[in-house]
Amino acid sequence: MPSKLDQLRTMTTIVADTGDMESIRAYQPTDSTTNPTLIYKASQLPAYAHLFDEAIAWGGKTGASPAAVTDRLTINFGTELTRIVPGRVSTEVDADLSFDVEGSLAKARRIIAAYAERGVPRERILIKLASTWEGVQAAAILQREGVDCNMTLLFSLAQAVAAADAGAFLISPFVGRIFDWHVKAGGGPYTGENDPGVASVKTIYAYYKTYGIKTVVMGASFRNTAEIEALAGCDRLTISPDLLHKLADDNAMLARRLSPQAPGSPPAKLTLDEKSFRWRLNEDAMATEKLAEGIRIFAKDLNLLRDLVSRRLAKAA
């Protein structure tokens, strides 16, 4: 019997949720995704010192700000990832721009231009935006410009519907963080079958497939392999190296759970404007709290990365 990872590949596109290129080489995912947390961790590993050194040398030569050098470091990692995975690499717009449409657009365009300077076409990149109302509006404009977007920090159907209305290429519903909130609230015990994060993705999947929405559903932020197995057949799943390893070591049968031919019963179709989007998000305590927390965490890790760059620039001066 093939491993569960190999079985999963036959029904779902596998995405590596890591900045560790050796793990990516080992498990051969189709796509890869990064965020400030992952790059902060990877940038401190000796294997990637050359990527950091190049960015610092460039910063010293040009007099660029720590923020600009951090951006270059991010593009260095992303460019290397495009040489390893055959598909897309997701690169994140700064979390502190999550409520700034124009700022998000400017940053996304700079990211695409920086990749183009390295010979990486926009078709290989997904711009990651937080699933705020402002992030959705930025995605709508970028998609019209031919820049595909990955809507991250997504915890609710309202966010998923707004992202689809914007024509976003892909959404990343955060299974594990939904699970975390419900556990903290006293829920459980949960299995793959009754996990609230899994249930959220299944609802979104049924909605998209039933109503003919082309936006890709990519489950993310998994806490265990049971969550992944419960979503076997989802369009894409982004998985950490630890869980990829566990799936690769397991040779039991893996059943398909999601199929576009039988997506399940969806909720009634929603029509959202800004007012109704904000109200639905406000009424969902879990989604409201996890979205705000996620933005804070990504912003904190981005600042940690910038501080690390600042120290390296000062040392090299």
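The buried residues of helix α8 are Leu157, Ala158, Gln159, Ala160, Val161, Ala162, Ala163 and Ala164, where buried means under 20% relative accessible area, exposed over 50% and partly exposed in between, with a 1.4 Å probe and protein chains only. Because 8 of the 9 residues of α8 (residues 157-165) are buried, this helix is largely enclosed by the rest of the structure. The model is a predicted one, in which local features need pLDDT of at least 70 and side-chain atom pairs count only at pLDDT 80 or more, while totals for chains, interfaces and linings use all residues. Residues are numbered from 1 along each chain as its sequence is written, and side-chain values use heavy atoms, with hydrogens and water left out.

The buried residues of α8 pack against α7, β5 (149-154), β6 (170-173), α10, α13 (274-283) and α14, contact being defined as heavy atoms within 4.5 Å; helices (H or I, at least four residues) and strands (E, at least two) are DSSP runs numbered from the N terminus. After α8 comes Gly167, which has a positive phi near 80°.

One of the buried residues of α8, Ala164, is also touched by Thr215, whose other partners, not counting residues up to four places away in sequence, include Ala168, Phe169, Leu170, Ile171, Tyr208 and Asp235. Thr215 lies in the loop between α10 (196-210) and β7 (216-219), and it counts as buried because its relative accessibility is 4%. Its side chain reaches the backbone oxygen of Ala168 at 2.7 Å, a polar contact being a pair of N or O atoms within 3.5 Å, of which, within protein, one must be able to donate a hydrogen and the other to accept it, with residues adjacent in sequence counting only if both atoms are side-chain atoms.

Helix α6 (residues 101-117) has 17 residues and spans 24 Å from its first C-alpha to its last, close to the 24 Å expected at 1.5 Å a residue, the expected span being 1.5 Å times one less than the number of residues. At its start, a side-chain oxygen of Asp100 comes to within 3.3 Å of the backbone nitrogen of Glu102, and just after the helix Gly119 adopts a positive phi of about 85°. Among the buried residues of α6 are Gly103, Leu105, Ile111, Ile112 and Tyr115, and the elements that cover the buried residues of this helix include α5 (66-82), β3 (89-92), β4 (125-130) and α7 (133-144).

Within α7 sits Glu134, which is buried because its relative accessible area is 15%. Leaving aside residues up to four places away in sequence, Glu134 touches Ser98, Phe99, Asp100, Val101 and Arg278.

The axes of α5 and helix α14 (residues 285-316) come within 9 Å and cross at roughly 105°, axes being lines fitted to C-alpha atoms, for helices over the stretch in contact, with angles running from 0 to 180 degrees between N-to-C directions. The two helices are therefore roughly perpendicular. In this contact, α5 contributes Pro66, Ala67, Val69, Thr70 and Leu73, while α14 contributes Leu302, Leu305, Arg306, Val309, Ser310 and Leu313.

Asp180, in helix α9 (residues 175-184), counts as partly exposed because its relative accessibility is 27%. Asp180 touches Arg223 and Lys290, not counting residues up to four places away in sequence, and its C-alpha lies 9.8 Å from that of Met286, 106 residues apart along the chain.

Methods. Angles under 35 degrees count as roughly parallel, over 145 as roughly antiparallel, 65 to 115 as roughly perpendicular and the rest as oblique.
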